[in-house]
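Subject: Structure handover

Hello,

My notes on it follow below.

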Amino acid sequence: QVQLVESGGGSVQAGGSLRLSCAASGYTYNVNLNCMAWFRQAPGKEREGVGAAYIGGGNGGTSYADSVKGRFSISHDNAKNTVYLQMNSLKPEDTAMYYCAAKRNSGCKFVVSWYNYWGQGTQVTVSS
């Protein structure tokens, strides 16, 4: 079973930066992760995708929600089985619980039900 552990959340003022990390462990030979992504969920709102990275080979492309393009950047370290989310120019509306997710099958879109594994989440709070 794959475990995902997030870290790096915290409180920051608007305009500040945070870097989230998600370490994957518990791989077995028959688990081939294709995509890792970050989602977020604010109180009273649905979980939404933030950034995703192809990790199963190919060009290792990334994708972002429109609301974070130009401010957030996702990257992956294959050697460490870790995905990062660099968040710059943070806004109060970025306040949410941030979750790391991973999926086995092809496709890297922000569809919550597609993802097989989830972390426990890390809180990000941005004050104005």
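Start with Phe-72, which stands opposite Met-87 in S8. Strands here are DSSP E runs of at least two residues, and are numbered from the N terminus. S7 is joined to strand S8 (residues 82–87) by 6 bridges, and the two run antiparallel. Strands count as paired if DSSP finds at least two bridges between them.

Before going on, some ground rules. This is a predicted model: local features need pLDDT of at least 70, side-chain atom pairs count only at pLDDT 80 or more, and totals for chains, interfaces and linings use all residues. Residues are numbered from 1 along each chain as its sequence is written, and side-chain values use heavy atoms, with hydrogens and water left out.

The sheet

S7 and S8 belong to an open sheet of 4 strands, in the order S1-S3-S8-S7, with antiparallel pairing. Strand S1 (3–7) and strand S7 (72–77) stand at the edges. Each has a single partner strand, so one side of each lacks a neighbour in the sheet. From one strand to the next, the twist averages 15°. For that angle, axes are lines fitted to C-alpha atoms, and angles run from 0 to 180 degrees between N-to-C directions.

Ser-21

Ser-21 is in strand S3 (residues 18–25). Its relative accessible area is 17%, so it is buried (under 20% relative accessible area, with a 1.4 Å probe and protein chains only). Leaving out residues up to four places away in sequence, Ser-21 touches Val-5, Glu-6, Ser-7, Trp-38, Thr-82, Val-83 and Tyr-84. Contact means heavy atoms within 4.5 Å.

The disulfides

How many disulfides does the structure hold? There are 2 (a disulfide being a pair of cysteine sulfur atoms within 2.5 Å).

One joins Cys-22 to Cys-100, with S to S at 2.0 Å. It links distant parts of the chain: Cys-22 is in strand S3 and Cys-100 in strand S9 (residues 96–103), 78 residues apart. The torsion about the S-S bond is about -80°, so this disulfide is left-handed. Cys-22 is buried at 0% relative accessible area. Cys-100 is buried too, at 0%.

Another joins Cys-35 to Cys-108, with S to S at 1.9 Å. Here Cys-35 lies in strand S4 (residues 35–41), and Cys-108 in the loop between S9 and strand S10 (117–118), 73 residues apart. The link of Cys-35 and Cys-108 is right-handed, with 75° about the S-S bond. Cys-35 is buried at 0%, and Cys-108 is buried at 4%.

With the bonded cysteines numbered in sequence order, the pairing is 1-3, 2-4.

Best wishes

Methods
Buried < 20%, exposed > 50% of the residue type's maximum accessible area, 1.4 Å probe, protein only.
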